[in-house]
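Let's take a walk through a protein model together, one piece at a time. Keep the picture open and follow along as we go.

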Amino acid sequence: MSHPDRRDRLRTVLRAAGLDALLVTDLLDVRYLTGFTGSNAAAVIAAEPAGDLLCTDGRYRIQAGEQCPDLEIVIDRPSAPAAAGRVPAGATLGYDSAVLTVDGLAAVRDATPGRRLRRAPGLVGGLRAVKDAAEVDAVGRACALADTALRDLVEAGGLAPGRTEREVALDLEDRMRRLGATGPSFETILAAGANSAVPHHRPTDTPLRRGDLVKIDFGATLDGYHSDTTRTFCLGTAADWQRELHALVDAAAAAGRAALADGVAVTAADAAARDVITDAGRGADFPHGLGHGIGLAVHEAPWLTWTGNGTVAAGQLVTVEPGVYLDGRGGVRIEDVLHVVAGGPAVALTALPRELLEV
Ligand code: ZN
Ligand code: ZN
């Protein structure tokens with residue numbers, strides 16, 4: 001789907017919401033709607049096609065012209081009030097109240113006398129949650145690249161006792177870059193031994209030791225799109241408790257993946273995996289949601305949690321990532337990216353084996 005097509009989809013949403021235009025200030029929303037990738041911009045998308053514009057500053061004059069040849073470009077700053085000030089008098093202008101700061105809103109208000117401002121959070125985010133074919137392809141390529149990097153790391157003996165968490169994380173990130181990634185999707189979580197019980201552990205100088213569980217949560221960025229995978233290894237032969245823990249999370253992940261279908265409540269998808277863990281008496285050791293949408297942001301709508309709203313929908317890309325963490329001993333998480341499709345099971349874009357790998 002082209003950027004003009006995406007803006008046309010948004011116009012339908014704007015008309016239904018009674019808005020004459022939307023002020024878009026989230027940079028990923030701007031990128032999604034216009035193709036512009038600079039670090040400062042705001043866009044106005046009008047309910048009638050004539051009023052669209054992109055506002056950025058002088059650093060990006062040439063880039064904006066190249067990336068958005070079909071849009072009116074305004075060079076001015078600060079960009080949000082400058083863009084909003086070009087909306088015709090009398091118009092009702094929506095803004096994303098989940099993004100615009102209090103100070104930003106004050107500046108927009110000063111720049112828009114005679115217009116009505118209205119909160120309109122998440123309108124573009126709602127569109128972004130359902131991916132088009134090019135987006136599925138981009139995330140799929142990022143997932144495949146990340147898969148290759150981890151497979152290469154393991155085959156090269158990179159998960160060796162004595163290497164530190166930081167060394168292994170850097171090695172993995174370096175491999176992703178050499179394979180063509182712009183960079184990691186987020187700071188790699190590489191957690192060995194007792195550290196693997198910390199869901200979002202940051203790599204330290206702790207050396208890997210024989211007998212450790214090693215949890216690796218990582219992703220690649222490619223063409224602006226992200227991947228997000230977690231695998232948990234055992235250095236050497238796994239102890240019974242490690243094998244049982246891994247089998248429990250594996251069963252929960254399978255239940256979560258199987259629950260993904262068009263129209264299923266996000267809370268029901270979360271519950272499908274959570275029930276497996278709760279039934280095993282480990283509910284308190286799974287302290288986070290089942291997963292999240294992924295695309296231009298590594299974490300975006302929809303949110304698959306027990307407190308979430310709405311349903312899973314065909315076209316979404318979501319992670320399924322249950323984990324069980326035993327304080328002071330170790331933890332296991334298994335995470336995949338899945339494409340929700342109509343009338344069938346969700347398709348995994350991550351292809352690494354899920355069984356406990358002893359290396
Ligand atoms: Zn992850
Ligand atoms: Zn994730």
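Start at aspartate 223, which sits in the loop between strand E10 (220-222) and strand E11 (225-226). Helices (H or I, at least four residues) and strands (E, at least two) are DSSP runs, numbered from the N terminus. Aspartate 223 has a positive phi of about 50°, although it is not a glycine. With a relative accessible area of 46%, aspartate 223 counts as partly exposed. Here buried means under 20% relative accessible area, exposed means over 50%, and partly exposed is in between (1.4 Å probe, protein chains only).

Before we move on, a word about what you're looking at. This is a predicted model, where local features need pLDDT of at least 70 and side-chain atom pairs count only at pLDDT 80 or more, while totals for chains, interfaces and linings use all residues. Residues are numbered from 1 along each chain as its sequence is written, chains are lettered from A and ligands numbered from 1 in the order in which they are written, and side-chain values use heavy atoms, with hydrogens and water left out.

Now look at the strands around that loop. An open sheet is formed by 3 strands in the order E7-E10-E11, with antiparallel pairing. Strand E7 (183-184) and E11 stand at the edges with a single partner strand each, so one side of each is left without a neighbour in the sheet. Two strands pair if DSSP finds at least two bridges between them. E7 and E10 run antiparallel and are joined by 2 bridges; across that pairing, proline 184 stands opposite alanine 220 in E10.

Next, find strand E9 (residues 213-218). How many of its residues are buried? The count is 6 of 6, so E9 is mostly covered. Leu213, Lys215 and Asp217 point one way from E9, while Val214, Ile216 and Phe218 point the other way, and all are buried. E9 also has partners: strand E8 (residues 189-192) pairs with E9 in the antiparallel sense over 4 bridges, and 6 bridges join E9 to E12, again antiparallel. Valine 214 is a handy landmark here. Alanine 192 stands opposite valine 214, and in E12 the bridge partner of valine 214 is phenylalanine 233.

Donors are N, O and S atoms within 2.8 Å of the metal (3.2 Å for Na, K and Ca); water is not among the atoms, so sites may look incomplete.

Aspartate 228 lies in the loop between E11 and strand E12 (229-234) and glutamate 335 in the loop between strand E17 (330-333) and strand E18 (336-339), so the pair ties together parts that are 107 residues apart in sequence. Are these two buried or exposed? Aspartate 228 is buried at 2% relative accessibility, and glutamate 335 is buried at 0%.

Where does the other zinc ion come in? Aspartate 228 bridges the zinc ion (ligand 1) and the zinc ion (ligand 2), which lie 3.1 Å apart. The protein donors of the zinc ion (ligand 2) are Asp228 (OD), His292 (NE2), Glu321 (OE) and Glu335 (OE), at 2.0 to 2.2 Å. The 4 donor atoms around the zinc ion (ligand 2) subtend angles of 80 to 158°, so this arrangement is irregular too. Histidine 292 lies in strand E13 (residues 291-293) and glutamate 321 in the loop between strand E15 (317-320) and strand E16 (323-326), so the pair ties together parts that are 29 residues apart in sequence. Histidine 292 counts as buried at 5% relative accessibility, and glutamate 321 is buried with a relative accessible area of 9%.

Notes: Four donors count as tetrahedral if all angles lie between 85 and 135 degrees; four count as square planar and six as octahedral if opposite donors are over 155 degrees apart and all others between 65 and 115; anything else is irregular.
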